[in-house]
Amino acid sequence: MDSTIEAEHVLWEDRDVRFDAPLKQIKLRAGEKLIDQLESIEDTKGNNGEKGRLLVTNLRVIWHSRALPKINLSVGYSCVMNLSTRSAESKLRGTTEALYILTRCNNTRFEFIFTNLIPDTPRLFTSVIAVFRAYDTTRMYRDLKLRGALISNKSLNLLPLEELYDTVRGVWNLSSDQGNLGTFYISNVRIVWHADLNETFNVSIPFIQMKAIKVRPSKFGTALVIESLKAGTSSGYVLGFRIDPVETLNMVFQQIQSLYKVYTANPVFGVEFKSEEKAGALEDVTVPHVEDDIEITEENEGTDAFVAYFADGNKHTDSEPVFDQHLGLAVEKLKDGFTVESLWEFSAV
């Protein structure tokens, strides 16, 4: 017996940064909630002068151009390294306060700058920063955790939105040659096991991190095997548990399988936040499909849209050369707002 998760259930929205993604990837997935929607936001870093819409969900920040929705960004909170507010040069608002988001994805750093085109409102800053903090403090709902503070006085420390369905004692963890006897806790969001003799020897496995759930033979007898998804650059875990008698093991397996199906239909990600200003209705948020009079190319051909978002410390190649009339030479293309004359003036100071 086994249960393997389907590709569409794999959580990527909070763990990836995507540029010009297909519109189906911009739509909210099951369990993803729209927390705030800002209608006049400029992507100052990559699309300066382009008016767009910013969606703040419980998993990511989504920006898309109002004129061309296929020009879009999806920035997962798990990739965020730093959030800050600084001045930026906007083509639509001039020098103004903007939200800077520094991220790291697949060992590459990207920087995003968003400017609110509506003056005298801090809503862009407060919404994104507050929701990110709520996400950052609820990682236990979404991340596999080893040797955490999970147990107190031989009871599971329940998360705010967690409901405990069953406690199974006499469960052997087969991670070592001799095995460790412990206790299973099965809830609506995860499975937790801890050793009876050492409560700090434990593991918390959220349903969203499960790649496969199986019952198969092992050198210790028939075992319940839970395989987790890969986390970043590290490989996933394969965890084995023996439960006697076999009838009890099969009952536990079926219970986990049923709860997993219920969870994937409506995942609980744990991020709870209420915006002071109510977000728009879902039908207003849905980006309409636009038929473009262009040839559709294969997605795997890739795009260079991400190049504009490289953080300065990640620059590995020079910009394209352009002819500069002031010098009479071909030079590397300067960033917007800079001229050769201004650089010479700076050097002369």
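Is Glu162 buried or exposed? I looked this up in a predicted model. Glu162 is buried, its relative accessible area being 7%.

**Entry 1: the Glu162 pair**

I checked which residue Glu162 meets. Its side chain forms a salt bridge with that of Arg190, at 2.8 Å from N to O. I placed Glu162 in the loop between strand S12 (155–156) and strand S13 (164–173), and Arg190 in strand S15 (residues 190–195), so the pair ties together parts that are 28 residues apart in sequence. Arg190 has 1% relative accessibility and counts as buried, because the cut-off is under 20%.

**Entry 2: other salt bridges**

I searched the whole structure and noted 16 salt bridges. One of them joins Glu32 and Arg60, with 2.8 Å between the closest N and O atoms. Glu32 sits in the loop between helix H1 (23–26) and S3, while Arg60 belongs to strand S5, so this pair links parts 28 residues apart in sequence. Glu32 is buried at 7% relative accessible area, and Arg60 is buried at 0%.

I then looked at Asp244, which forms a salt bridge with Arg242; their closest N and O atoms are 3.0 Å apart. Here Asp244 is partly exposed at 47%, and Arg242 is partly exposed at 23%. I also noted a network in which salt bridges with shared partners join Asp14, Arg15, Arg142 and Asp143.

**Entry 3: the sheet**

I traced an open sheet of 8 strands with antiparallel pairing, in the order S2-S6-S5-S4-S3-S9-S8-S7. Strand S2 (17–19) and strand S7 (80–90) are at the edges and have a single partner strand each, so one side of each lacks a neighbour in the sheet. From one strand to the next, the twist averages 30 degrees.

**Entry 4: Leu249 and helix H3**

Which helix holds Leu249? I found Leu249 in H3 (residues 246–265). H3 has 20 residues and spans 29 Å from first C-alpha to last, close to the expected 28 Å. Leu249 is buried, with 1% relative accessible area. Other buried residues of H3 include Val252, Phe253, Ile256 and Tyr260.

I listed contacts of Leu249 beyond four places in sequence; among them are Val215, Leu224, Phe241 and Ile243. Val171 is 78 residues from Leu249 along the chain, and their C-alpha atoms are 9.3 Å apart.

Conventions:
Residues numbered from 1 in each chain as written. Predicted model: local features only at pLDDT ≥ 70, side-chain atom pairs only at ≥ 80, totals over all residues. Heavy atoms only, no water. Pairing = 2+ DSSP bridges. Helix = DSSP H or I, 4+ residues; strand = E, 2+ residues; numbered from the N terminus. Axes fitted to C-alpha atoms, helices over the stretch in contact; angles between N-to-C directions. Buried < 20%, exposed > 50% of the residue type's maximum accessible area, 1.4 Å probe, protein only. Contact = heavy atoms within 4.5 Å. Expected span 1.5 Å × (residues − 1). Salt bridge = Lys/Arg side-chain N within 4 Å of Asp/Glu carboxyl O.
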